[in-house]
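I opened this entry to look up how the chains are built and where they meet. My notes follow in the order in which I looked.

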Amino acid sequence: MSPQIHPVVEAIGVSKRFGSTQALLSVDTALRSGRCLGLMGRNGAGKSTLVSILCGLLGADAGEVRFDGEPAPPVGDIGAWRSRIATVFQHSMVVPQLTVAENMFLGDQPRHRGVVDWRSMRAETRRVLREWDFNVDPDVECVTLTVEQRQIVEIAGALARGTRILLLDEPTAALERDGVRRLFERVRALVAGGVAVLYISHHLEEVFEICHDVVVLRDGEVVLTAPTPTLTQDQLVSAMVGDVAAPVTAARAASPAARVPRPALSEERLAVSDIVATSTRGSLRGASLVVHAGERVGLTGLLGAGVATLGRVIVGAHGYQAGTIRFDGRPLPPGRPDAALAAGIGYIPEDRWLEGFVGLLGISENMTMSIARRLAGRLGILTPSARTLAARPLAEQLSVVSRGLGQPVAELSGGNQQKVTVARALASRPKLIVAITPTRGVDVASKELLLAALSDITRATGASLLLASDEFDDLQICDRVIVLVRGQVFTEFTEPPYDDEELIAATEGLVPVGRQ
Amino acid sequence: MPEVREPETTNTTELSAAVEHRSRRLAAVAFVRGAALLPVLVVLLIIGSAVSSDFFTTSNLAGVGQQISALGVVVVGESLIIMVGGMDLSLESTFGLAPMVAAWLMVPVAAYGAGTLWSPVLGILVLLAVGAIIGLINGVMIVKARLNGFIFTLAMTIILAGIQDGMVNGQSLFNLPAAFTYVGAAYVGKIPVSLLVTAAIFIAVGLFLRYHRVGRDIYAVGGNREAARAAGVRVDRVRIGVYVAGGVLAAIGGLMEAGRVSSVASTQGYQEGIIFNVFAAAVIGGVSLRGGRGGMLGAACGVVLLGLVQNILDLGNVSNYWIEAIDGGVILLALMMARVVGGEVTAE
């Protein structure tokens with residue numbers, strides 16, 4: 001570090017405390033022009049807090065933020081911060097009902113004599129989009145754009161204000177493989193052009209691919225700062241996880257299905273035939289599959305292939321137009337989650353904020369929501385202590401970290417919220433667990449823990465598992481993997497471990513070599 | 001209070017004890033927030049005593065109790081609907097129409113009745129049925145037909161009030177049977193029966209919300225409808241159910257009002273504009289218009305607050321022409337004070 005040239009932005013001894021939680025403890029980090037810095041850490045390690053402080057949404061309790069060696073503007077002066085640093089958050093901040101041009105200049109529209117200057121707004125948007133080689137009409141509403149296109153609008157809009165610093169908070173979470181590749185090309189081009197990038201991700205391989213340096217946070221403190229090429233994946237993981245690394249790797253080693261003798265195929269638990277359903281998440285055009293008792297089946301495909309839709313149809317969260325679903329030989333009515341639950345299906349939804357929990361209510365109440373009828377007496381009386389009693393074993397099994405089981409779930413970190421969602425599905429002792437991308441947005445250690453828990457519980461209780469995911473790592477715990485292409489079953493892999501290349505080819509609808 | 005970071009390394013019994021302690025503490029915090037208005041009520045009692053020596057008398061306070069009882073029962077109904085994430089403007093018309101239909105079937109033709117001369121017991125059953133049917137229509141149309149709750153219940157408000165007016169040609173119905181007016185008019189010792197019934201309803205609904213499965217479902221559905229659905233809660237049933245309960249409670253409120261004034265006027269409810277006070281009481285009491293938050297203790301405090309303010313203004317000889325402006329100002333003030341005392345819970 002040369003003392004003459006200041007980093008474009010640096011945090012010096014930044015600390016932040018929320019109530020009893022020390023979110024950050026004297027964190028030092030710096031972004032330099034033309035470098036991409038990866039920020040890693042488990043859920044709750046303080047990444048989001050650091051991002052909020054760096055982009056001026058939160059003030060630090062101690063320490064300071066400097067831009068080019070100058071003190072940062074006061075917290076709350078959003079305009080001043082935005083002219084220095086551009087942030088693209090994990091959750092899209094695009095307003096879907098507004099046009100591309102309006103979103104690009106949200107809160108900062110060009111004005112002519114006090115009224116919005118639409119003409120120069122459109123012209124400027126067109127110019128920026130051309131720079132990005134991105135061909136959309138500035139007047140089109142963002143609701144019609146794909147997730148990737150919306151993200152480009154966000155990044156381009158953030159940078160259009162002339163800043164040379166870009167914070168990307170888990171930008172690949174909602175992207176398909178090709179979208180990720182294109183995003184990386186764009187980020188590389190920006191970095192080559194002298195932009196400083198802070199890249200936050202849970203994915204080790206992404207960090208190794210595009211980051212020059214890595215900084216790792218653990219419990220609010222910087223535990224590692226190093227150039228990426230000098231590190232191995234294992235070093236990075238152990239820095240993030242700390243001393244709990246050992247049991248986690250053990251869980252990982254135990255989980256692949258290959259190590260367990262395949263159960264003899266017993267009776268059919270779930271039989272789905274010729275399901276037709278329309279959905280914005282990917283429509284189904286006659287999908288059929290069977291899950292046997294005790295079997296763990298993976299389901300994967302491209303974003304619009306209908307993987308999530310099929311999972312949602314089975315648990316009753318989404319209706320269908322044609323086809324049948326039979327569970328233990330009995331038909332399941334369409335669009336009735338309560339009926340699916342009563343029949344013995346546990347549901348771990350894709351979007352936990354939307355379907356996973358009630359944020360205002362406590363942990364034990366959320367965990368036992370699926371079994372409230374069972375817990376309650378004949379008169380329907382259900383005391384909070386009865387719920388806590390029922391929830392505690394699950395909370396301990398999944399190592400939910402909280403201030404107590406009455407704590408509202410909205411206050412928990414993302415990984416712990418996901419554990420609550422999983423516990424809610426497991427509480428009903430289901431005969432089939434349907435999990436849709438259960439590890440999305442969950443850090444490495446929690447991810448291993450979740451997969452190990454799913455694997456262990458299905459083995460211990462004899463429950464079947466239907467795991468819909470586009471993370472190929474997750475699918476390794478499955479006995480077989482079904483690949484959907486455009487709403488239909490395309491092919492099936494029955495021999496774990498599954499090869500990523502073959503899976504990718506299959507999701508694209510290509511018949512792998514040596515298979516027919 | 002250190003965060004429990006690694007439960008697997010912590011002694012389990014110690015952890016359980018800590019968990020127990022914390023959930024009790026959280027419950028205590030929730031109670032204090034629900035009662036955020038209590039200091040405001042104390043201040044009002046002091047102001048009331050200063051304004052008039054008649055204020056702190058049994059007869060005056062009993063009168064206040066009787067006045068707020070009818071409103072209070074409607075507030076319980078509206079709170080349930082708001083907590084589940086809906087709204088019902090038509091409760092004020094149910095408040096008028098349900099007793100009107102019942103009275104119409106009970107009083108003679110000469111007194112503008114239908115001449116059927118039904119018994120008071122039958123009349124009260126009809127009243128409850130009218131409330132339930134209106135609530136059911138609202139619930140089904142909003143939940144199943146997916147009509148906007150605000151617009152649909154606004155239309156219902158006007159339609160129902162029109163029926164109330166039209167069926168008796170704008171007349172008021174007097175000579176109600178004593179059994180019909182009992183709940184609204186009678187006293188047990190020095191305490192109005194209506195106040196006892198309303199208090200019982202508040203307590204019963206409060207316990208139901210805390211300790212009954214369906215009561216908890218109301219919070220779950222109001223807090224996150226999709227999550228509740230995914231957890232197997234019969235969301236549509238719960239939502240329709242609270243509209244029905246709201247209709248029945250509004251009808252009971254109307255019964256109390258009819259008893260208190262010994263008649264059913266064609267203006268009862270809608271033309272008195274009681275729905276504004278209903279919403280004001282619920283929101284001041286911490287029931288979130290976004291759903292999922294609030295409780296009966298807060299709602300009860302909101303009702304008492306409105307009643308005390310009205311009473312103090314009456315006793316203080318405030319000019320009739322100014323009473324509404326001051327009333328509105330006090331409601332705003334109470335809302336802001338509740339916000340300060342109650343914190344986030346009373347934010348929306």
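**Domains, overall form and chain contacts**

I looked up the domains of chain A, and the assignment gives domain 1 (1-85 + 163-254), domain 2 (96-162), domain 3 (268-344 + 430-516) and domain 4 (359-421). I note that this is a predicted model.

I then took domain 1 and domain 2 of chain A as a pair. Their centres, taken over C-alpha atoms, are 27 Å apart. Where they touch, eight residues of domain 1 of chain A are in contact with seven residues of domain 2 of chain A. I sorted the residues on the domain 1 side and got four nonpolar, three polar and one charged.

Next I turned to chain A as a whole. I counted 19 helices and 22 strands in chain A. The radius of gyration of chain A is 24 Å, close to the 24 Å that the globule rule gives for 516 residues, so chain A is as compact as a globular protein of that length. Along the principal axes, the C-alpha atoms of chain A fill a box of roughly 70 × 50 × 50 Å.

I also checked burial: 48% of the 516 residues of chain A count as buried. Of the contacts in chain A between residues at least 6 apart in sequence, 69% join residues at least 24 apart.

Last, I looked at where the two chains touch. Here 33 residues of chain B are in contact with 38 residues of chain A. On the chain B side, the elements giving two or more residues are α1 (12-34), α9 (213-223) and α10 (225-230) of chain B. I recorded the residues of that side as 16 nonpolar, seven polar and 10 charged.

Key. Residues are numbered from 1 along each chain as its sequence is written. Chains are lettered from A and ligands numbered from 1 in the order in which they are written. This is a predicted model: local features need pLDDT of at least 70, side-chain atom pairs count only at pLDDT 80 or more; totals for chains, interfaces and linings use all residues. Two residues are in contact if their C-beta atoms, placed from the backbone, lie within 7 Å. Helices (H or I, at least four residues) and strands (E, at least two) are DSSP runs, numbered from the N terminus. Ala, Val, Leu, Ile, Met, Phe, Trp, Tyr, Cys and Pro count as nonpolar, Asp, Glu, Lys and Arg as charged, and the others, Gly among them, as polar. Domain bounds come from an automatic or database domain assignment. The radius of gyration is taken over C-alpha atoms; the globule rule is 2.2 Å times the number of residues to the power 0.38. A residue is buried if 20 or more other C-beta atoms lie within 10 Å of its own, exposed if 12 or fewer, and partly exposed in between; C-beta atoms are placed from the backbone.
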